[in-house]
Amino acid sequence: MAEPIIKVNNLSFSYVDGEDDALRNVSFEVNKGEWIAMVGPNGSGKSTLAKMLNGLLIPDTGEIYINQLLLNEDTVWDARRAVGMVFQNPDNQFVGSTVEDDVAFGLENAGIMREEMIVRIQDALEQVRMSDFLKKEPARLSGGQKQRVALASVIALRPDVIILDEATSMLDPQGRMEVIEAIIKLKETYNLTLISITHDIDEASRADRIMVMNKGELVQSDTPASIFSLGNELVAMGLDVPFAQKLKEALANRQVDIPQGYLTEEALYSWITTSYLNK
């Protein structure tokens, strides 16, 4: 079996000595090409954990391995080259006067040659469908477009892992859909490893695995189907349950013989129309 691309062992962290831990004995592994959705109520430790995976915070105890390399002061820049981050507010990530300049900024800092830089900028913007906005000012873009440019800026650096820290939370439904579609395409194209920290249950349902954080601890890690079947347990932790799962449970309570397992909204709609409306 191949080594995991990320391995976390017994991670603990507190922002202030004597206060409750922001993270408490967190351990998990992420395999190459896997999409992990990390969910949990505010203050559960999700963003703290993300910053540690990128070397922005140092754990009090525990170990983080990126590509089998122990993350420490000597290897932090290797980790940051391997793990790219897209944050909640794209405006905080823009440094260039044009879309092209912004994508180029990280490449210049990484010492990429000009010829290679041009290829990477064009390729990254094409992957997120923003090639036509090359010379546009970032301030004139919509929220979804800005976040796609932020994603392109990270993609151009060719990281092994991308962490999306609430990257769709400030977007309207259209912008959120644009970014999620771009993420899915990028994952398929580059076999990227993704960790998306999100409150959007529909976004989390697209992942291969969901990790549930609560009060600084990793309390659940399983497939979306298994996690969403927890129902009231998720609600008790301040999380929502997908509409399709709520409807499925409501139908089951009315003695409707509903298919077993998790169904997306599209799959549930298809089953309802096929089983009832088309008869």
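Trainee: How many residues line the largest pocket, and which of them lie nearest its centre?

Mentor: This is a predicted model, in which local features need pLDDT of at least 70 and side-chain atom pairs count only at pLDDT 80 or more, while totals for chains, interfaces and linings use all residues. Residues are numbered from 1 along each chain as its sequence is written, and side-chain values use heavy atoms, with hydrogens and water left out.
Rolling a probe the size of a water molecule over the atoms shows where empty space is left. On a 1 Å grid over the protein atoms alone, a pocket is an open set of points with protein on both sides within 12 Å along at least five of seven lines, a cavity is a set where a 1.4 Å probe fits but cannot get out, and lining residues have an atom within 4 Å of a point. Here 21 residues line the largest pocket, and Arg-80, Gly-106, Ser-153, Val-154 and Leu-157 are those nearest its centre. Its volume, the space filled by probe spheres set on points joined across faces, edges and corners, is about 770 Å³.

Trainee: Which element gives the most to the lining of the largest pocket?

Mentor: Helices (H or I, at least four residues) and strands (E, at least two) are DSSP runs, numbered from the N terminus. Helix 3 gives the most to that lining, with four residues, and at least two residues each come from helix 2 (76-82), strand 6 (83-86), helix 3 (99-109) and helix 5.

Trainee: How many charged residues does the lining of the second largest pocket have?

Mentor: Asp, Glu, Lys and Arg count as charged, Ala, Val, Leu, Ile, Met, Phe, Trp, Tyr, Cys and Pro as nonpolar, and the others, Gly among them, as polar. The lining of the second largest pocket has eight charged, six nonpolar and two polar residues, whereas that of the largest pocket has three charged, twelve nonpolar and six polar ones. The second largest pocket has a volume of about 380 Å³, and among its 16 lining residues Asp-202, Glu-203, Ser-205, Arg-206 and Glu-266 lie nearest the centre. Helix 6 supplies the largest share of this lining, five residues.

Trainee: Which residues line the largest cavity?

Mentor: The lining consists of Leu-151, Ile-155, Ile-162, Leu-164, Ile-183, Leu-186, Leu-192 and Leu-194, and by class it has eight nonpolar residues, with no polar and no charged ones. The volume of this largest cavity is about 30 Å³, and helix 5, strand 7 (161-165) and helix 6 (173-190) each give two or more residues to its lining.

Trainee: Which members of the largest nonpolar core touch the most other members?

Mentor: A nonpolar core is a set of buried Ala, Val, Leu, Ile, Met, Phe, Trp, Tyr and Cys residues joined through side-chain atoms within 4.5 Å. In the largest core, of 46 residues, Val-86, Leu-151, Ile-162, Ile-210, Val-212 and Leu-234 touch the most other members. Helix 5 (residues 143-155) gives the most to this core, with six residues, and apart from it lies another core, of 31 residues, including Ile-6, Phe-13, Val-30 and Leu-57.

Trainee: Is Trp-35 buried or exposed?

Mentor: Buried means under 20% relative accessible area, exposed over 50%, and partly exposed in between (1.4 Å probe, protein chains only). Trp-35 counts as buried because its relative accessible area is 3%, and this residue sits in strand 3 (residues 35-39). Contact means heavy atoms within 4.5 Å; leaving out residues up to four places away in sequence, Trp-35 touches residues including Ile-183, Leu-194, Ser-196 and Arg-206.
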